[in-house]
Amino acid sequence: RFSRDSSHSLVWWTLEVSQLTSKTFDFNSNPLARLTKAVQLFFLFLSSPPRRRKIITVYATKMATLKPSFAVAPPNSNPIRFGCFAPQCFVRVSKPPSFRRRFVSTTSPALPRFQRTIGGGGLIRCELPDFHLSATATTVADVSTETTVDQIQIPKGEMWSVHKFGGTCVGNSQRIRNVAEVIINDNSERKLVVVSAMSKVTDMMYDLIRKAQSRDDSYSSALEAVLEKHRLTARDLLDGDDLASFLSHLHNDISNLKAMLRAIYIAGHASESFSDFVAGHGELWSAMMLSFVVRKTGLECKWMDTREVLIVNPTSSNQVDPDFDESEKRLEKWFSSHPSKIIIATGFIASTPQNIPTTLKRDGSDFSAAIMGALLRARQVTIWTDVDGVYSADPRKVNEAVILKTLSYQEAWEMSYFGANVLHPRTIIPVMRYNIPIVIRNIFNLSAPGTVICQPPEDDYELKLTAPVKGFATIDNLALINVEGTGMAGVPGTASDIFSTVKDVGANVIMISQASSEHSVCFAVPEKEVNAVSEALRSRFSEALQAGRLSQIEVIPNCSILAAVGQKMASTPGVSCTLFSALAKANINVRAISQGCSEYNVTVVIKREDSVKALRAVHSRFFLSRTTLAMGIIGPGLIGATLLDQLRDQAAVLKQEFNIDLRVLGITGSKSMLLSEIGIDLSRWRELVDEKGTEANLDKFTQQVHGNHFIPNTVLVDCTADSAIASHYYDWLRKGIHVITPNKKANSGPLDQYLKLRDLQRKSYTHYFYEATVGAGLPIISTLRGLLETGDKILRIEGIFSGTLSYLFNTFVGDRSFSEVVAEAKDAGFTEPDPRDDLSGTDVARKVIILARESGLKLDLADLPIRSLVPEPLKGCASAEEFMEKLPQYDDDLAKERLEAENSGEVLRYVGVVDAVNQKGTVELRRYKKEHPFAQLAGSDNIIAFTTTRYKDHPLIVRGPGAGAQVTAGGIFSDILRLASYLGAPS
């Protein structure tokens, strides 16, 4: 029963409660609390017709010029009489009452709000049903009362922990139970939990809007799918009154959505506020369900529609700025009527200052959690995802990416900006204000500690031990715009004109780089925006282009950005050097560079096709993850097959102890080849070649091995003696493919081609190793280079370079004939199938040419006098068999030379000589005293003597096995490991 009378501007109301359940109203509470609830009841029933009673929320706002004043008399009576200055009172109902005459508020076009102005006199009488009412008692400033109204203040500080669970975490009923268990097991005094919509639901809601806008009738069935998904989940989680309450709310929401989508369908258009209102329902439903599940365990729990609390101001850049002051006031108000130690809050959604529903945009639930953490001054904010923490690089691109234990706010900010799957880029801003840590954890792996994002103390000892670079991230699908011209230098306002033009187009500038000469400015924009930007710039600077003050506005498409992020980069010399060295060694060209003075990140622009390759290269260099080589083996003959077997036997040790991953992606012979995307199983490579081999194609083979962008470094190993294969070395090196070979044809071929090849090698970071060309497994080339690089001067190089000829002359003693020794060596496999290839001396001559050129001599093969051991009449023999049959006829000549040497106390040795002083080389059969090192060889050993200015009286001698598949393959293997070391593997 309500009555009203007025005296001047003061309005007096009398309230008499005739029926009220005990759980709704406590008559023993203080009178002002009763008064507050009485006012709530008054407005409640004033706005609700008897035939359709609804529990509603009441908002009262005073006139701008009037201040309410309360007086109560008597203090403990029923009825209660109170007075105030005439207010305007508005009510909001959860479902529109059946008013014939509706007064629609302008505060929200999305959510219907019905208002009735309270006024006039008379008597209103109604029956009170059994219901539960949560009332809010708000203290208004400047209220003149004898006593103040009680209000529940929200506690703030470290007793609060904030959790955020993404859509994957609440993707089904079992996962919601798991989330509830995590909440229950958190021993914090108070908990606020922010939840996203169930997995894929937000996408489904946006799809509803798209279908309705395009007048696609299937939006209705799609809405039914949304209903069914939540209905089934609720039935699996809830029962009894909880289930009935949720389903009632769900069906009511679906009914309203159906009407709204129908309106969008008719109009063919949805405003942003309509879209935001529709899209935000998934969070409401998941929050409600989770709160019911937590309450089933007996814990006190309330759920919060954050549209009632979070107030944000939309900006022009499709973002929102939180209004922390207003949000804090509304949080106080909400908590006063919903006090609880566990609050389940909706993520993603909020309201504008005009109470229009909006969202925090995509991935905004993280932002919601950070804002709530800041409002509560929480101890920490935990973001629960489906990964173990923040990785040092995208694990989908870098298998060896590691979980980072800690990140500073600035590092996380940089990494999220550059596309790393860390957080919503703006999430960090609210928590930074109060130094609240953010913890990233995996809901599916509770044993993983996760990553802590905080501000580490400056004297943190562990921080000093960490690597200067914390992580790497990439942004793809970009284009680089270069504005260039001499007329830009020293002209104020040019940069301003450029970027104001870009702003007018509405494009987002990702990165800016400018030369200190002011001759050019380049910047990166999303590729989809580059055409509009370039056209706008050409229009804006058309006069400057025609006059020649600007030379060009160039668009470089298909770019990616690679960013290295780390707080310690600023205080660690050499970080940029290491970064660019790693890129250079992977043969990756950098188009533009940007680095802020804070040095939290170094950003480079590269070709899009090099993005993954670059990421793996730099990550490997800084994090000592495996140095991975994509290998192609050409020529699986005796030496190639032996190398493959050695790689097979050593692969596990190299991975485990040296972080080197050698992956053979291709094996090719002259007729067939075997290719693999991930690496050939070397334990059965012979069977695989037979089973899955395809027709050999060297171009396709090279493309397959080098085209794997997940492995930054490629090496082709040529185990043939084919000059046609050697002719490809230059093109391979130019493409960034490293080359390792025992094939002597390239380094002993035409001088001009050799000089061109070496010049390319010196100018690039692509490596060309050929240690096995001269001494098989002996360190001949590396010894020679070591002498030259340390300033020594080569005077003479003399050696027995052929293992075959070494064996022949070590065995050619006593009464044995030369043909007998050759036949024995051929049967033992020490010679080529046609022994003339060894006896001609050409192989030794090629080695002499290689060493001569390494020493700086410009000699060609034709410049060398060669003593051939093949008798002139036998050079034209049609076969090796014919040659061997006729060879005994010519034994007397060599037997005579041997006898003369023996009579002089000497031995015969077949040697090659580089005479650096006289700029010449020779291949000859020479005599040496028996005490000479060359005379003391045994078997097939090689020996090489270096006479230099430092080793003039006593030459430097290298001796050992110089032939055979095992030692030659070992020499190649050594070159492969040397390449891995150069590319960043630990030595």
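Axes here are lines fitted to C-alpha atoms, for helices over the stretch in contact, and angles run from 0 to 180 degrees between N-to-C directions. Helices (H or I, at least four residues) and strands (E, at least two) are DSSP runs numbered from the N terminus. The model is predicted: local features need pLDDT of at least 70, side-chain atom pairs count only at pLDDT 80 or more, and totals for chains, interfaces and linings use all residues. Residues are numbered from 1 along each chain as its sequence is written, and side-chain values use heavy atoms, without hydrogens or water.

Now the helix pair H13, residues 494-505, and H14, residues 530-540: their axes are 9 Å apart, at an angle of about 130°. H13 is therefore oblique to H14, as the angle is neither under 35 degrees (roughly parallel), over 145 (roughly antiparallel) nor 65 to 115 (roughly perpendicular).

Next, H5 (residues 240-267) and H7 (residues 281-295) cross at roughly 175°, with axes that come within 10 Å. That makes H5 roughly antiparallel to H7. In the contact (heavy atoms within 4.5 Å), H5 supplies residues including Phe246 and Leu250, and H7 supplies Trp285 among them.

Last, the sheet. Six strands form an open sheet in the order S20-S21-S19-S22-S24-S23, with antiparallel pairing; strands pair if DSSP finds at least two bridges between them. S20 (511-514) and S23 (592-595) are the edge strands. S23 pairs with S24 (residues 601-607) over four bridges. Helix H16 (residues 575-585) lies across S19, S22, S23 and S24, at about 15° to S24.
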